[in-house]
Amino acid sequence: MSSNHKYQTSPPPSRAQSPSTPAGTTTVPLSYRSASPLPTPVAHRHDCMTAAAKRYKYLRRLLKFRQMDFEFAAWQMIYLFVSPQKVYRNFQYRKQTKAQFARDDPAFVVLLCFWLCITSAGFAVVLKLGVGSFLRFLVYTVCVDTLLMGVLVATILWAVTNHYLVKPTCRDQDVEWGYAFDVHLNAFFPPLIILHFFQLFFYHVFISQDWFISRLFGNLLWVLAIGYYIYITFLGYSALPILKQPRVFLYALPLLVVFFLLSLAFGMNLCGTLMDFYSYRVL
């Protein structure tokens, strides 16, 4: 089967609504289905719509690797670089078919942790870390920098969007916290590859040198990484029809340009600063 057919981004054809609703099930309100012509999923139950039930179902699958779609998660990671709009189109189709925007498959998180292990090993080589220091660095990177900070950032954006950006006509709906966390992870992946993988090949031979061109190249990597984060975050919240003016996230881009110019004016090597921070934390 071709990859184009496997990951087509058009929604499945609508099915006829069953004439009767089975006992013990509840019809999904129109607000949850985003005016989708699709009928209520057959397996949908009202108690599965609670946040606690979603978290339990998601966490229960974390160790069931055979049930995870790693191929599709890898496809998403590739398209976060080349066409992130397609990734969020699939989030919209999940809302239509499963009555939730957030991922119900933890394969993306598992693959992200795999990449964190790979990039952390690369940092261990560049920083010449021992086994103990490498394990400490890995724990910090996965548990603190990725998961803990991800929960913090997602919670802040979740609270801000629900409080300030929900349309007045959609006050009966809200942004799912799980979706806010997914948006952060999506936006986090390109910076991870740029700053934790790509730059390692150039650090000692070029970026760490005390040359203006070295600082320019290294700082441009930071601009590219942060720009990816801002743009993918904007796309994530733009995919929610209940939000007004999601372009507010793009207002950070001019500030990013100012930060880049100031870093060059003051002779800051941002990649070198990152390396110094990591060395200080684990040594």
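1. Burial and surface. In this predicted model, 44% of the 283 residues in the protein are buried.

2. Overall make-up. The protein has 12 helices and zero strands. Along the sequence the pattern reads α-α-α-α-α-α-α-α-α-α-α-α. Look at how the chain contacts itself: of the contacts between residues at least 6 apart in sequence, 75% link residues at least 24 apart.

3. Nonpolar core. The largest nonpolar core holds 64 residues. Y88, F123, Y179, Y237, L240 and L243 have the most contacts inside it. Elements giving two or more residues to this core include α4 (70-82), α5 (84-98), α6 (107-127) and α7 (131-165). Also among them are α8 (177-196), α9 (203-207), α10 and α12. Helix α8 provides the largest share, 12 residues.

4. A core residue up close. L243 is one of the residues with the most contacts inside the core. Leaving out residues up to four places away in sequence, L243 touches T161, L165, V166, K167, V175 and Y237. Y237 is also on the list of residues with the most core contacts.

5. Packing of α10 and α12. Helix α10 spans residues 212-238, and helix α12 spans residues 270-282. Their axes lie 7 Å apart, at an angle of about 80°. That angle falls between 65 and 115 degrees, so α10 is roughly perpendicular to α12. On the α10 side the contact uses G218, N219 and W222. On the α12 side it uses L270, C271 and L274. By class, four of the contact residues are nonpolar, two are polar and none is charged.

Terms used
Residues are numbered from 1 along each chain as its sequence is written. This is a predicted model: local features need pLDDT of at least 70, side-chain atom pairs count only at pLDDT 80 or more; totals for chains, interfaces and linings use all residues. Side-chain values use heavy atoms; hydrogens and water are left out. Axes are lines fitted to C-alpha atoms, for helices over the stretch in contact, and angles run from 0 to 180 degrees between N-to-C directions. Helices (H or I, at least four residues) and strands (E, at least two) are DSSP runs, numbered from the N terminus. Angles under 35 degrees count as roughly parallel, over 145 as roughly antiparallel, 65 to 115 as roughly perpendicular and the rest as oblique. Contact means heavy atoms within 4.5 Å. Ala, Val, Leu, Ile, Met, Phe, Trp, Tyr, Cys and Pro count as nonpolar, Asp, Glu, Lys and Arg as charged, and the others, Gly among them, as polar. Buried means under 20% relative accessible area, exposed over 50%, partly exposed in between (1.4 Å probe, protein chains only). A nonpolar core is a set of buried Ala, Val, Leu, Ile, Met, Phe, Trp, Tyr and Cys residues joined through side-chain atoms within 4.5 Å.
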